[in-house]
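Hello,

Here is the structure I promised to pass on to you. Have a look at it first, and then read on for what turned up in it.

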Amino acid sequence: MSFDNLGLAPRLLEAVAAMGYTSPTPIQRDAIPTVLEGRDVVGCAQTGTGKTAAFVLPVMQRIAANPGGPRALVVTPTRELAVQIEDVAGQVAKHTKHRVAVVYGGVGYEPQIKALKRGVDLLVATPGRLLDLMERKVADLSHVDVLVLDEADRMLDMGFWPQVRKIIAAVPAERQNLLFSATMTSDVMRIVSSTLHDPVRVEVAPAAKPIEAIDQRVYPVGGMQKAQLLVHLIREDDLDRVIVFTRTKHRADRVAKVLHQHGIKSAAIHGDRSQSQRQSALESLKSGRCRVLVATDVVARGIDIDDVSHVVNYDLPNSPEDYVHRIGRTARAGKSGTAVSLLSPEEHEALRDIEVKIGAVLDTHDAEGFDYSDHRLVPNPERAASRPVRTVYSSSRNRGRRRR
Ligand code: AMP
C-alpha cells in the first residue's frame, strides 16, 4: 500500500516523501480519502498511530493558501500536542506554501499575535489561549472551513469543554468537522452528535498493534531497590532513549536526580514544569543530549518522540489504560520497542488489572548480574526526600516494623 492512491495532490506527496513516510498507517489509509471528499470524520485513534498526518495532509490539500484568516483550525488539549501538530503541518507547508501558526498558553502573547497578524492558513491552538486571543480580537475565526478537534476525550477530562464550545460557536456553521479521540466515551459521542454532520467513523484497533510490537518485561524488586535496579538496567542493558514513568512529580524529580548522580544524563518532565523546561527536556532526549526522560502520566499522552527504545514503568500506573498509553511511547509506526515494569510487592494487584486489560500474562525476569541482596548503593528517592537529614537505605523487609 502506498500513498499514491489516496487522492493526495503531487505537492502533498512530495511532502510525504520528504517526511520519509513510505506507506500510510491504517488511520491514514482510511481518513485521508474521506477527509478529501469533504466528509466529517470521527477518528478513534490514539497518539502513535500516525493520526496527526492523517488529518494534516488532507486538510492542507482542502484549504487554499491565501490571506484572510485561518481556513483550518486544529484545537488540541496540550502545548506539547500543539507543538507536534505544528511541526508536522510546518513540514507539509514547506511544499504547499501554506502559513502555519501555533498558539498556546504559558508563554508570551507577542510572537503569537504577530504571527496571527502576518496571516495564517492553518492555526493550531490550545483552547484557553485561543479564547484569550479571540477576546483580544486578534484571532478571527470567521473564515474557518475545517475544524479539527484533537484528543476530544482528553479535552473533556481536562475540563476544556466550555472553552471548546465557545470556539465552536465562533466558527462558521457551514464547515467540515474532524474529531479525534483515543476513547469513545458517551460524553465524546454526545459531542459527536451535537457538532458533526453525518460523520464517517474511522478507527484503528486501540492499542492492539503497539502491544504486539512491544516486548513487555516485568522485574519484581523490593520497593527500596527500584532506583538501584533502574541504574543497573540502564547501564548493563545499555538502554538508550528511555522514558521512565513515575507515580508522582516528586518521584520524577528524585529519580532524575539519582540517575544524574550515577552519571546517566536525564531530565524530568511533569505538570509543574514550565513550558520552556518541558520543551527543553523533550528536545534534549530527541537530540540525544540526554538518554533518559523521567515523566509523570500528566504528560504521558501526546509525547511524540521517535525511536524511544524503552519505556520503564518505575511505578506501575494507577489505571491499566495509562499503562497502555505509557508503553505506546515505544514501538511507534511499526518499529519494535521494550517496556520494562519494576514491580514492587505492593503492585501485584495493579499488574493483574493490567494483564486483564491487555489480555496477556506478562513474563517476569530477574536482572542478570544485579545483586538483589544489596540495599545500600542507591538511596530510595521517596524516603530520602522525606528525611533529608538521615538518608535511608533500609530494605523493604524492614518496612512496617516499629523502631524500638
Ligand atoms: P502520531 O500518531 O501522529 O503522533 O504519529 C506517531 C509517529 O509516527 C510520528 O513520529 C510520525 O512521524 C510517525 N508517522 C506517522 N505516519 C507515518 C507513516 N506513514 N510512516 C512512518 N511513520 C509515520
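Strand E9 (residues 242-245) and strand E11 (residues 292-295) run parallel and are joined by four bridges. Within that pairing, Ile-243 stands opposite Leu-293 of E11. Please keep in mind as you look around that this is a predicted model.

E9 and E11 belong to an open sheet of seven strands, whose order is E10-E11-E9-E12-E13-E8-E14 and whose pairing is parallel. At the edges you will find strand E10 (266-269) and strand E14 (363-364). Each of these two has a single partner strand, so one side of each is left without a neighbour in the sheet.

Helix H11 (residues 226-236) touches strand E8 (214-220), E9, E11, strand E12 (310-313) and strand E13 (337-343). The direction of H11 makes about 155° with that of E13. Helix H14 (residues 320-327) also packs on the sheet, where it touches E8, E9, E12 and E13. For H14, the angle with the direction of E12 is about 150°.

H11 is mostly covered, with nine of its 11 residues buried. The buried residues are Lys-226, Ala-227, Gln-228, Leu-229, Leu-230, Val-231, His-232, Leu-233 and Ile-234. Just after H11 comes Asp-238, with a positive phi of about 55°.

Lys-137, a residue other than glycine, has a phi near 65°. It sits in the loop between helix H6 (127-135) and strand E5 (146-149). Is Lys-137 buried or exposed? Its relative accessibility is 74%, so Lys-137 counts as exposed. Asp-198 is not a glycine either, yet has a positive phi of about 45°. You will find Asp-198 in the loop between helix H9 (186-195) and strand E7 (200-203). With 51% relative accessibility, and the cut-off for exposed being over 50%, Asp-198 counts as exposed.

Strand E4 (residues 122-125) pairs with strand E2 (residues 72-75) in the parallel sense, over four bridges. There, Val-74 stands opposite Val-124 of E4. E4 also pairs with strand E3 (residues 100-103), again in the parallel sense and over four bridges. In that pairing, Ala-125 of E4 is the bridge partner of Val-103. Which way do the residues of E4 point? Leu-122 and Val-124 point one way, Leu-123 and Ala-125 point the other way, and all are buried.

Finally, there is a helix pair to look at. The axes of helix H2 (residues 26-36) and helix H3 (residues 51-62) come within 9 Å and cross at roughly 20°. Angles under 35 degrees count as roughly parallel, and H2 and H3 are therefore roughly parallel to each other. Their crossing is right-handed. On the H2 side, the contact is made by Ile-27, Gln-28, Ala-31, Ile-32, Val-35 and Leu-36. H3 contributes Lys-51, Ala-53, Ala-54, Leu-57, Pro-58, Val-59, Gln-61 and Arg-62. Sorted by class, the contact of H2 with H3 has 10 nonpolar, two polar and two charged residues.

Enjoy looking around, and do write back with any questions.

Best wishes

Conventions. Residues are numbered from 1 along each chain as its sequence is written. This is a predicted model: local features need pLDDT of at least 70, side-chain atom pairs count only at pLDDT 80 or more; totals for chains, interfaces and linings use all residues. Side-chain values use heavy atoms; hydrogens and water are left out. Axes are lines fitted to C-alpha atoms, for helices over the stretch in contact, and angles run from 0 to 180 degrees between N-to-C directions. Angles under 35 degrees count as roughly parallel, over 145 as roughly antiparallel, 65 to 115 as roughly perpendicular and the rest as oblique. A crossing is left-handed if the near helix is turned anticlockwise from the far one by less than a right angle, and right-handed if clockwise. Contact means heavy atoms within 4.5 Å. Ala, Val, Leu, Ile, Met, Phe, Trp, Tyr, Cys and Pro count as nonpolar, Asp, Glu, Lys and Arg as charged, and the others, Gly among them, as polar. Buried means under 20% relative accessible area, exposed over 50%, partly exposed in between (1.4 Å probe, protein chains only). Two strands pair if DSSP finds at least two bridges between them.
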